[in-house]
Structure formats: structure tokens, C-alpha cells
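Work through the exercises below with the sequence and the model side by side, trying each task before reading its solution.

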Amino acid sequence: MTQRLVIKFLLRLAAFCVLLIVMDRILGFAFKTVYFKQRVGQFSQTTYAIDSARQDVMIFGSSRAVRHYSSPIIAKGLGLSCYNSGRDGQMIPYAAAVQEVDFNRHKPKLAILDINPWELAINESKYEKLTILLPYCDKHPELIKYISEISPFEQYKLFSKVYPYNSSIFILATNALFPGKVKKDSSGYLPLYGVMTPAYLAEYKERMQARYLRIKVKKEVAEDKGIAYFKRFLDNTAKNNIKTIVIISPTLLKEPFALDNQTLERNLVATIAKSYPNVTFLDYSADTRFNYHAEKFSDEFHLNNKGSAEFSTAFVDYIKANNLLK
């Protein structure tokens, strides 16, 4: 009697597992279809950058890349095609991942990496945010090593076909319900249109000074893994013989890294970048055309459309004046 009950239980358990797997496959297929049908918004941009981009000039980086580099201005100024593959909230591990997939498909004439010193500081969130790569691991297995930074079990969780999309469902639903609210990018470039007020600038300066008094006694410590990702990005450009520009783009405050206790990381970015013969390092953090110009910023971290247009034009002029493409 007991043996029959055990067999019955195991059969029911097996049937339940099969049902779960079937449901997972059905829902996973539905989410995948909706996800890859996005034509505007952040998922669409990421899909294009990973699956399709073949432009002459490729821009990599965080939200500062997305907001600061006008692809149309750069393309027109250099006479080359250009795509901005920067992504809000992401840092150097994401840039390295997208670059690796991109370079496996094509070799751009110029790679531009916008980087902030804090990307080399200790900050686990830059790895946690790599969940954005989960939907692409089936097609691009080279991304598995990046998602393994989230947890060593991440690749095994991909057995579930729903799992890669579990953090995307809210955004997918919002895009479906309010399609007119999603802004269309210009070859990856998404400008901000807000304008910072002088009062906010004054308050921000005071806040940063107060913060500096609290943190100045802390010893600066760079993160070895963050440095390794930065070097991986540059190694890949060198291996493929691609001209590369590493940039710290304009900042609201002049050279704010001391206030943020990130002088060590800033100097590491410069030293490492300059050690590669194919790399040019540019630092606009002390550029008086932008420092303290509230009218050119949307918030304390990002230029607005006016500032990004001016910066992109100045950047193109610098490339041409210094023959960086020859």
C-alpha cells in the first residue's frame, strides 16, 4: 500500500513538473516575442546594439554616453555612420559585453568609450544590472561569462524561458499600454531637454562640499575587477587594431572627482588608457565651456540637448583637428 502511494505521488509530481515546464515554455515564448518586437525604448536600443549595429563609429558607456553624444552630429561631422550603444544605469562591464559581441560581428573604424571614474570604484550594482543581458544569452553565448557576475547560478536559471524577462515585464507592459510615451532615439542618442536652474547648481555645490567633509578621511580603493573590465575593453580594441577614444565627458563642477573621493580612479583611467598605443584619452571635466553652466545641463550628471549638441560638435572638431582617424 505504501509503495503504491509513493509511486502515485511521484507520478503526480512528474506530471506537475512537466506542466510547469510546458507553461514556462509557452510564457517564455510569449515574452520573447513581445520583447524582441519592441521598436522604440531601451530594450529596442539594446537589441539593436547587440544584434545588428555595424556602424563605422560605435559609442559605448553609461547614461552619460546616451545623453552626451549626438550620433547625427558626429556622423555628419566625420562623414561616417555612427551608433550610440550607451545605456542608462550601466557601467564598464556592460560596455565590455556589448563591445565583445559587436566586435565579433564587425570592426568599426572608431570606438568611443565614455567612462566615469566611479566605474572603477567598488560598487556591486554594476554587476547586478547585467540582468539586462539575460534575453540575449541564447543567441550570444559569449555573454554567459558576464551574467555569471550576477551569481554563479545565473546560467543555470536560464533553463527557465521566462526567467530572462522577469525584470522586463513591467516596462514591456508600460510600453504596450502607453506607446506614445516612449521616446524615439536618434541612432541610439537620447537627449534630455530639462534645464538646471542656478539655484539648483548652488545647492548641489554646497551638498558636494558637505559630502566631501564627511568622506575625505576615507581611503580611496579601486576595484580590481572594475579595472580588469576596463582593460578587457581596451585589450579588445588593441587586438582588433581599432582606433579608440576614452573620454571623461563634461561635468557640471570642475574636476569633481576630488569632492567624490575618486581622484585615484580618475588617474587610473588616464594611466591605463594612455598605455595603449591605439587609444587617445580626453578629459573634459575641467572644460570651462561646460563647468558651472547650468543652462547646458539637465541635472547634475547629464548635459541637456543644448549642452550635448555643443559638446558633440566640439568633439568632432577635435577629432578632425588632431587627425585621430588617420
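**Exercise 1.** Decide whether Lys296 counts as buried or exposed, and then examine its salt bridge with Glu310.

*Solution.* Lys296 counts as buried because its relative accessibility is 8%, where buried means under 20% relative accessible area, exposed over 50%, and partly exposed in between (1.4 Å probe, protein chains only). The model is predicted, so local features need pLDDT of at least 70 and side-chain atom pairs count only at pLDDT 80 or more, while totals for chains, interfaces and linings use all residues. Residues are numbered from 1 along each chain as its sequence is written, and side-chain values use heavy atoms, with hydrogens and water left out. Next, the side chains of Lys296 and Glu310 meet in a salt bridge at 2.9 Å, N to O, the term meaning a side-chain nitrogen of Lys or Arg within 4 Å of a carboxyl oxygen of Asp or Glu. Glu310 lies in helix H13 (residues 305–321), and Lys296 lies 14 residues away in the loop between strand S5 (279–283) and H13. Glu310 counts as partly exposed because its relative accessibility is 28%.

**Exercise 2.** Find which strands pair with S1.

*Solution.* Helices (H or I, at least four residues) and strands (E, at least two) are DSSP runs, numbered from the N terminus, and two strands pair if DSSP finds at least two bridges between them. Three bridges join S1 to strand S2 (residues 82–84) in the parallel sense, with Val57 opposite Cys82. S1 also runs parallel to strand S3 (residues 110–114), through four bridges, and Ile59 has Ile112 as its partner there.
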